[in-house]
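Let's take a quick tour of how parts of this protein chain pack together. Have a look at the model first, then go through the points below.

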Amino acid sequence: MACFLQAPMAYAILSSASSSSSSRAVRVPKPLKLSCGALGARNAAKIPMPPINPKDPFLSKLASVASSSPETLVNSSVNPDTPPFLDLFDSPKLMATPAQVERSVSYNEHKPRSPPPDLPSLLLNGRIVYIGMPLVPAVTELVVAELMYLQWMDPKQPIYLYINSTGTTRDDGETVGMETEGFAIYDALMQLQNEIHTVAVGAAIGQACLLLSAGTKGKRFMMPHAKAMIQQPRVPSSGLMPASDVLIRAKEVIVNRDTLVELLAKHTGNSVETVADVMRRPFYMDANRAKEFGVIDRILWRGQEKCPGGGCYSLKFVS
């Protein structure tokens with residue numbers, strides 16, 4: 001039973017019948033059919049033909065290239081280090097980044113098509129600067145940069161400073177930052193042309209309490225269950241420091257304490273002696289006591305009031 005192997009396109013070489021000196025071989029493409037018998041019994045015995053899978057991707061690609069541009073197969077260079085015909089395939093590509101996948105695939109028409117920004121950027125878009133950590137150098141750098149950026153964007157719109165920080169110490173009293181971290185943010189606030197609305201949520205301790213009181217008069221707020229506390233600066237751990245250096249550090253802490261007392265007296269309306277006296281020991285203040293001491297102006301609370309259509313919630317001020 002005769003069988004045929006038909007290539008999509010092959011080349012045959014034809015010689016001109018003319019004996020003219022200008023005759024030469026011409027390469028003419030034409031379909032080529034080869035019979036199994038023509039291959040010869042000896043070659044057929046040595047080279048058995050394996051079954052061909054029509055769904056094989058390599059053979060499909062090879063057949064496609066042979067039908068579209070057969071010269072690619074005929075004139076392909078032989079590289080001993082690479083298996084033949086692998087160069088026909090596209091070079092491998094790296095996996096797409098999440099942003100590329102998100103831009104290329106729409107998961108849901110109601111979902112955003114761009115990666116969501118980080119939380120500080122969302123708050124900054126609402127002109128909100130949030131201090132939610134102790135005042136370490138990284139926090140100070142970010143807060144000062146955000147304040148400068150908001151003033152550059154609009155020097156007339158107010159800036160809202162939310163504070164939930166233990167200042168330059170942790171809740172257990174261990175020092176985590178220098179007092180200059182709080183003074184840096186304070187100086188940045190004083191340089192702004194905008195109104196500064198300060199809101200205490202959670203805790204405002206030490207230098208954070210100074211920042212709370214440094215807001216624009218009448219725009220300093222506190223949540224009803226927040227706490228404010230002022231205390232003397234603490235000497236950082238001296239370790240194996242010489243005695244003379246410990247004395248120098250102690251003097252610097254006293255200078256920072258006096259500066260903190262003067263600034264608190266300025267913004268709370270109390271005398272320097274009064275502030276220095278209450279700062280001898282940690283002085284805790286709830287919302288009402290902080291208002292009496294002059295740290296804040298109003299207490300924020302979310303209560304229920306009657307509306308024509310029924311009960312509704314609104315933000316109230318306790319004066």
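Start where two helices touch: Glu179, Phe183, Tyr186 and Met190 in H7 meet Asn256, Thr259, Leu260, Leu263, Lys266 and His267 in H9 (contact means heavy atoms within 4.5 Å). This is a predicted model, where local features need pLDDT of at least 70 and side-chain atom pairs count only at pLDDT 80 or more, while totals for chains, interfaces and linings use all residues. Residues are numbered from 1 along each chain as its sequence is written, and side-chain values use heavy atoms, with hydrogens and water left out.

- The contact of H7 with H9 has five nonpolar, three polar and two charged residues.
- The axes of H7 (residues 179-191) and H9 (residues 243-268) come within 11 Å and cross at roughly 35° (axes are lines fitted to C-alpha atoms over the stretch in contact, with angles from 0 to 180 degrees between N-to-C directions).

**Aromatic pairs**
- There are two aromatic pairs (ring centres within 6.5 Å; planes under 30 degrees apart are stacked, over 60 edge-to-face, the rest tilted).
- Tyr149 and Trp152 make a tilted pair, 6.1 Å centre to centre with 40° between the planes.
- Phe283 and Phe293 are tilted too, at 5.4 Å and 55°.

**Buried or exposed?**
- Tyr149 is partly exposed because its relative accessibility is 37% (buried is under 20%, exposed over 50%, partly exposed in between, using a 1.4 Å probe and protein chains only).
- Trp152, at 64%, counts as exposed.
- Phe283 is buried at 13%, and Phe293 is buried at 11%.

Terms used. Phe/Tyr/Trp six-rings, centres within 6.5 Å; stacked < 30°, edge-to-face > 60°. Helix = DSSP H or I, 4+ residues; strand = E, 2+ residues; numbered from the N terminus. Nonpolar A, V, L, I, M, F, W, Y, C, P; charged D, E, K, R; others polar.
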